Amino acid sequence: MKRRDLIKGLTLLPMGGSFIGNMLPGEAMAGTGFKHGSKRNLVKELGIRTFINAAGTYTTMSASLMHEEVMDAIDQSAKEFCMLNEVQDKVGERIAQMLHAEGAMVTAGAFSALTLGMAGILTGTAQEKIKRLPHRLEEAGIKSEVLLQMGHYDGYEQALYNTGVTIIAVETADDVHKAVNEKTASMHFLNCNAQEGKIMHEEWLQLAKKYHLPATIDIAADVPPISNLWKYNDMGFSFVALSGGKAIRGPQSAGILMGKKEIIAGARLNDSPNGVTIGRGMKVNKEEILGMYAALDKYINQDHDKEWKMWEDNIGFINDAVKKVKGVTAEITVPPIANHTPKLTISWDKNIIKITRKNLGDKLRNGNPSIELISWGDPDNSISLTVFMLKKGEHKIVAKRIQEELAAASA
């Protein structure tokens with residue numbers, strides 16, 4: 001029997017005792033003892049490992065934890081029906097005002113923002129072009145090339161490739177001059193790799209203006225500082241792609257695309273809930289859209305100096321604790337662009353402390369409580385961590401556990 005046929009026949013069945021709540025026959029026995037009205041801890045029920053996050057806002061580690069205000073927005077909006085486009089209209093208008101942009105929309109993360117923004121440039125609001133992406137762009141009269149500095153390749157340019165474009169690598173202003181032709185659609189800039197390229201923001205924008213091309217920028221993890229939320233709109237970039245689930249602590253599956261009104265209009269038409277579009281599968285529900293707005297509103301209005309002081313105090317506590325172990329040195333730095341928060345690198349003399357980075361990481365991961373550190377990029381006798389995503393008091397646990405393991409490994 002099909003589900004719709006079963007539901008159609010519900011009125012024919014006796015009310016008393018046939019159903020538990022609104023469940024269909026058999027559903028009450030299918031779960032794991034869930035009772036109507038009770039709250040379940042599914043993480044605990046399913047045996048999913050939780051951990052202290054001393055690594056940062058990495059997607060694979062579920063990024064950040066949402067504030068209560070965000071959860072309230074999600075919970076309240078989940079109880080009402082709304083037209084999705086109206087939610088995007090209202091939220092996009094507010095976000096654009098907050099972030100100094102002509103237009104804005106909530107996307108399914110920064111990667112989605114890049115794809116939709118690129119699609120908006122390629123198609124505008126032309127429905128026939130929208131239907132063609134990502135295939136045979138030139139046959140449909142769609143420009144098909146994007147310029148990107150060699151030092152800005154990091155893998156996330158795949159978001160642009162997904163629209164069907166070809167990316168042309170350049171290094172100098174002269175390279176840009178030689179590369180621009182009638183097929184050039186835009187010039188893209190990866191902000192976190194700004195120092196890896198030979199052309200900085202202002203010159204990149206000047207070149208784009210010279211050749212009448214949109215200049216776009218990916219700032220996915222480049223907040224804080226808070227000023228980056230509007231800095232690149234004020235500079236004149238045509239669109240800016242931002243992650244919503246990192247420092248802003250919105251839904252991890254949400255991001256923001258902001259920029260020129262005509263690009264946002266095109267991106268919206270390339271996105272869900274519209275069908276026959278490249279973005280149909282990038283659906284963002286009303287709860288995430290409103291949750292993203294609530295997160296952004298809270299982030300802009302919070303005390304950032306107080307937060308930074310807390311990070312400095314917490315990382316200083318860990319720094320002081322681990323250096324009590326003979327043979328250990330530590331250094332606090334702040335990455336210049338992406339993940340711009342205090343970072344602690346802990347190193348040890350391999351002749352004194354007999355443990356590798358991997359072994360230390362495994363001991364912390366498999367301990368109780370489980371702790372995750374930054375697990376790449378360091379030498380074999382070094383680890384790195386941040387306090388960016390630690391809950392209150394967790395810096396003391398992290399300090400104690402690392403100190404214990406390094407001391408235990410001492411010769």
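This is a predicted model: local features need pLDDT of at least 70, side-chain atom pairs count only at pLDDT 80 or more; totals for chains, interfaces and linings use all residues.

Me: Which residues touch the most other members in the largest nonpolar core?

Reply: I402 and L406 do, in a core of 75 residues. A nonpolar core is a set of buried Ala, Val, Leu, Ile, Met, Phe, Trp, Tyr and Cys residues joined through side-chain atoms within 4.5 Å. Buried means under 20% relative accessible area, exposed over 50%, partly exposed in between (1.4 Å probe, protein chains only).

Me: What does I402 touch?

Reply: Skip residues up to four places away in sequence, and I402 touches V322, I346, L364, L373, I383 and L385. Contact means heavy atoms within 4.5 Å. Apart from that core lies another, of 26 residues, including M105 and I278.

Me: New topic. How many aromatic pairs does the structure hold?

Reply: Six. Rings of Phe, Tyr and Trp (its six-membered ring) pair if their centres lie within 6.5 Å; planes under 30 degrees apart count as stacked, over 60 as edge-to-face and the rest as tilted. One of the pairs is Y232 with F237, which is edge-to-face at 6.2 Å centre to centre, with 70° between the planes.

Me: Are Y232 and F237 buried or exposed?

Reply: Both Y232 and F237 are buried. Ring pairs also link them with F189 and W204 into a cluster.

Me: Now helices. How do α4 and α12 cross?

Reply: Helix α4 (residues 84-98) and helix α12 (residues 286-301) have axes that come within 10 Å and cross at roughly 15°. Helices (H or I, at least four residues) and strands (E, at least two) are DSSP runs, numbered from the N terminus. Axes are lines fitted to C-alpha atoms, for helices over the stretch in contact, and angles run from 0 to 180 degrees between N-to-C directions.

Me: Are α4 and α12 parallel or antiparallel?

Reply: Roughly parallel, for α4 and α12. Angles under 35 degrees count as roughly parallel, over 145 as roughly antiparallel, 65 to 115 as roughly perpendicular and the rest as oblique. Residues making the contact include L84, V87 and V91 of α4 and I289, L290 and Y293 of α12.

Me: And where do the axes of α3 and α12 come?

Reply: Within 8 Å, with α3 (residues 68-77) and α12 crossing at roughly 150°. That makes α3 roughly antiparallel to α12. Among the contact residues are A73 and I74 of α3, and G291 and A294 of α12.

Me: Back to single residues. Where does Y299 lie?

Reply: Y299 lies in helix α12. Y299 counts as buried because its relative accessibility is 2%. Beyond neighbours within four places in sequence, its contacts include V223, P224 and H304.

Me: How many residues apart in sequence are Y299 and N359?

Reply: They are 60 residues apart in sequence, and 37 Å apart in space, C-alpha to C-alpha.

Me: Which helix has H395?

Reply: H395 is found in α15 (residues 394-408). H395 has 11% relative accessibility, so it counts as buried. Leaving aside neighbours within four places in sequence, H395 is in contact with N314, F317, I318 and L390.

Definitions and conventions
Residues are numbered from 1 along each chain as its sequence is written. Side-chain values use heavy atoms; hydrogens and water are left out.
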